[in-house]
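Please read the following report alongside the sequence and the model.

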Amino acid sequence: MTGPRPATGPVAVVAVTWNSAAVLPQFLASLPAGMAGLEWRLVVADNDSADGTVELLRSLAPEATIVQTGRNAGYAAGVNAALAAAAAWAGGFRAALVCNPDVRMRQGCAALLVDALDAAPPGVRGRVGISVPLLYEEDGHTLLHSLRRESRVGRALGEAVLGNRRAGRFPRWSELVTDPAAYERRTVADWATGALMALSRDCLDACGDWDESFFLYSEETEYCLRARDRGFLTRLEPAASATHLGGDSRVSPRLWTLLTLNRVRLYRRRHGAAATAAFRAAVLLRETSRAALGRPASRAAARALLSRSALRAVPGPRGRRQAPGGCQAV
């Protein structure tokens, strides 16, 4: 995207669909309340759905911009296609709200997220380029731990030995942020799960396209870290909240393997060979220990980690629900 950042104009609500007909009606119905107080337009990139998703969109949201990618291109590719279409609107857009179609925003959520953009938190270098809300499970009450720390060998070892939830209380030992106080204030995180995030136009212009080599999982991680490298922070806005119905990576061996391998691939992008080998070994320790407890998804991930070709670009799952964006499974 190019050109000056509009001071006014609509917020682009970006969604990526792939056989999303079951969750789409409630998503669309929730938008007026969630976007209250903002001028906004919906743009949807559909990754070759075969369940009538596009027809449903045209029926329920005839004003939406629909981009048909013509293939199951992955989540990052869908985001890029939708953002490119929004950039072509007359006057462009002033911020983007990237969201999964299985998210249900609560009243005024988006306005709070957009208002949080471009702030300069005290004591922290940079300004807010990405803002995220509190996310709750489908019951509407159980808080999801959506904030994350950047991957480190020590954190991978801590998760392998202690488990994510227990290790999450200690910044040295887990990527997952579980401290309740972190979710009660405007916490700056290395990255956050990508089910729902607002992005400033300046951040989008500085960072460019999402990385399409990550078909699914780690694409939001890579983008948040790249934004941080360019001076744009990811920050929680605790006054904003939404419900996330979640994905199926917890139970799908193939999706869990994809998530695990992409974590290691992204780590390799940002570190040397020796550090990557240590990180891969720590992740393998976690997966083999879970596999020994009878977890099929970890057994599949451990086998993949032992493969010589494991860190090549990993193709996306075929014939399975895409479950786009950040994964809540631990």
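Between which two helices does the loop lie that holds Ser-218?

## Basis and loop residues with positive phi

Ser-218 is placed in the loop between α7 (201-207) and α8 (219-229), where helices (H or I, at least four residues) and strands (E, at least two) are DSSP runs, numbered from the N terminus. The model is a predicted one, in which local features need pLDDT of at least 70 and side-chain atom pairs count only at pLDDT 80 or more, whereas totals for chains, interfaces and linings use all residues. Residues are numbered from 1 along each chain as its sequence is written, and side-chain values use heavy atoms, with hydrogens and water left out.

Ser-218 has a positive phi, near 75°, in a residue other than glycine, and at 8% relative accessibility Ser-218 counts as buried; buried means under 20% relative accessible area, exposed over 50%, and partly exposed in between (1.4 Å probe, protein chains only). Asp-118, which is not a glycine either, also has a positive phi, of about 75°, but Asp-118 sits in the loop between α4 (109-116) and β6 (127-136) and, at 25% relative accessibility, counts as partly exposed.

## Two nonpolar cores

A nonpolar core is a set of buried Ala, Val, Leu, Ile, Met, Phe, Trp, Tyr and Cys residues joined through side-chain atoms within 4.5 Å. The largest such core has 47 residues, and those with the most contacts inside it are Ile-130 and Trp-210. Helix α3 (residues 75-87) supplies the largest share of this core, 7 residues. A second, separate core of 33 residues includes Leu-28, Leu-38, Leu-57 and Ala-110.

Contact means heavy atoms within 4.5 Å. Leaving aside residues up to four places away in sequence, Ile-130 touches Leu-117, Met-197, Ala-198, Leu-199, Cys-203, Tyr-223, Cys-224, Ala-227, Leu-233, Thr-234 and Arg-235.

In helix α2 (residues 53-60), the residues Thr-53, Val-54 and Leu-57 are buried. These three lie on the same side of α2, because they cover an arc of only 100° around the axis, the arc being that of the directions from the helix axis to the C-beta atoms. Glu-55 and Ser-59, on the other side of α2, are exposed. The buried residues of α2 pack against β1 (11-17), α1 (24-34), β2 (40-46) and β3 (65-68).

Helix α4 is mostly covered, with 6 of its 8 residues buried, namely Cys-109, Ala-110, Ala-111, Leu-113, Val-114 and Ala-116. What follows α4 is Asp-118, with its positive phi near 75°.

Two packed helices are described by the angle between their axes and the distance between the axes. Here axes are lines fitted to C-alpha atoms, for helices over the stretch in contact, and angles run from 0 to 180 degrees between N-to-C directions. The axes of helix α9 (residues 253-270) and helix α10 (residues 273-292) come within 9 Å and cross at roughly 160°. The two helices are therefore roughly antiparallel to each other, given that angles under 35 degrees count as roughly parallel, over 145 as roughly antiparallel, 65 to 115 as roughly perpendicular and the rest as oblique. Their crossing is right-handed; a crossing is left-handed if the near helix is turned anticlockwise from the far one by less than a right angle, and right-handed if clockwise. Among the residues making the contact are Trp-256 and Tyr-267 of α9 and Phe-279 and Val-283 of α10.

Helix α10 also packs with helix α11 (residues 296-305), at an angle of about 145° and with their axes 8 Å apart, and this crossing is left-handed. The residues in that contact include Val-283 and Leu-284 of α10 and Ala-301 and Leu-305 of α11.

## Buried and exposed loop positions

Glu-150 lies in the loop between β7 (147-148) and α5 (153-162) and is buried, with a relative accessible area of 6%. Residues up to four places away in sequence aside, Glu-150 touches Arg-155, Glu-175, Asp-190, Trp-191, Leu-225, Arg-228, Arg-270 and His-271. Arg-169, in the loop between α6 (164-167) and β8 (188-189), is exposed, with a relative accessible area of 54%.
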